[in-house]
Amino acid sequence: MRTSVVGSLKVLAVIFQAVIHVGDTRYIQAKTNAFALQRQIADFEKDEFPLEQFPMFRRPIPRLSPAENVRMVKRDTVPFITVGAVKINAASTSAVVQIGSNVCIDLESRIKHIRQFTPPAGGAAAGAVGAGGMAPVPLAAPGAGR
Amino acid sequence: MDFYVENKEIAVGAIRIIGVSASAVFLIGDTETIMCSSIFDTPPESLIIGRRASLPAPSGT
């Protein structure tokens with residue numbers, strides 16, 4: 001394994017299960033389940049949408065076997081990786097930024113993203129827009145919600 | 001299968017990254033195995049013009 005030589009590292013934000021690692025390690029594993037619901041009016045209730053109700057958070061992801069039948073021979077003629085300056089705005093959602101070497105990185109992220117807007121006053125507009133405008137959305141009873 | 005690698009000199013001046021996101025890796029160093037998987041779902045109903053209580057029941061995904 002080579003030695004990583006970095007002049008400077010500047011990272012502004014590390015959020016949602018991201019990893020910044022300076023130095024060597026053996027194994028990094030990170031897993032994120034995210035339900036990103038953006039509402040025009042930020043009004044949320046606790047446990048409003050249990051993730052288990054969405055199949056995408058349950059379905060197994062096919063995995064390659066790391067132990068393929070490959071015999072790797074490596075020769076480090078120059079035992080350094082040199083980088084002057086690194087600047088990263090953000091690392092997020094099971095991302096890994098590492099200066100140094102590792103043996104295995106295993107990452108998984110599942111994100112469901114929905115934006116919900118309040119209909120205009122007197123709103124006739126109700127329904128799903130977007131990809132084909134499929135699946136009409138049932139309106140709540142008048143007076144319910146807002 | 002035999003796989004022979006010779007690491008010669010690598011020297012980089014500067015790296016500027018906006019974002020490393022959703023099971024992505026930025027690595028200055030050596031590694032043997034990297035496994036990254038990501039599911040990102042914006043379903044057809046991902047943009048909803050509707051009342052607050054009208055988020056549709058999950059289907060399919």
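Tutor: A definition to begin with: two strands count as paired if DSSP finds at least two bridges between them. Keep in mind that this is a predicted model.
Student: Fine. How many bridges join β7(A) to strand β4 of chain B?
Tutor: Nine, and the two strands run parallel. Strand β4 spans residues 33-41 of chain B.
Student: Give me one pair to look at. Which residue is the bridge partner of A:Ile111 in β4(B)?
Tutor: B:Phe40.
Student: And strand β5 of chain B, how many bridges there?
Tutor: Three bridges join β5(B), residues 47-49, to β7(A), again in parallel. There, B:Leu47 stands opposite A:Arg115.
Student: Now within chain A. In which sense does strand β3 pair with β7(A)?
Tutor: Parallel, over 13 bridges. β3 covers residues 27-39 of chain A. One position to check is A:Tyr27, which faces A:Cys104 of β7(A).
Student: Why call β7(A) largely enclosed by the rest of the structure?
Tutor: Because 11 of its 14 residues, in the stretch 104-117, are buried.
Student: Change of topic: side chains. Is A:Lys112 buried or exposed?
Tutor: Buried. Its relative accessible area is 4%, and the cut-off for buried is under 20%. A:Lys112 lies in strand β7 of chain A.
Student: What does the side chain of A:Lys112 make a polar contact with?
Tutor: The side chain of B:Asp41, at 2.6 Å.

Key
Residues numbered from 1 in each chain as written. Chains lettered and ligands numbered in written order. Predicted model: local features only at pLDDT ≥ 70, side-chain atom pairs only at ≥ 80, totals over all residues. Heavy atoms only, no water. Buried < 20%, exposed > 50% of the residue type's maximum accessible area, 1.4 Å probe, protein only. Helix = DSSP H or I, 4+ residues; strand = E, 2+ residues; numbered from the N terminus. Polar contact = N/O pair within 3.5 Å; in protein donor to acceptor, adjacent residues only side chain to side chain.
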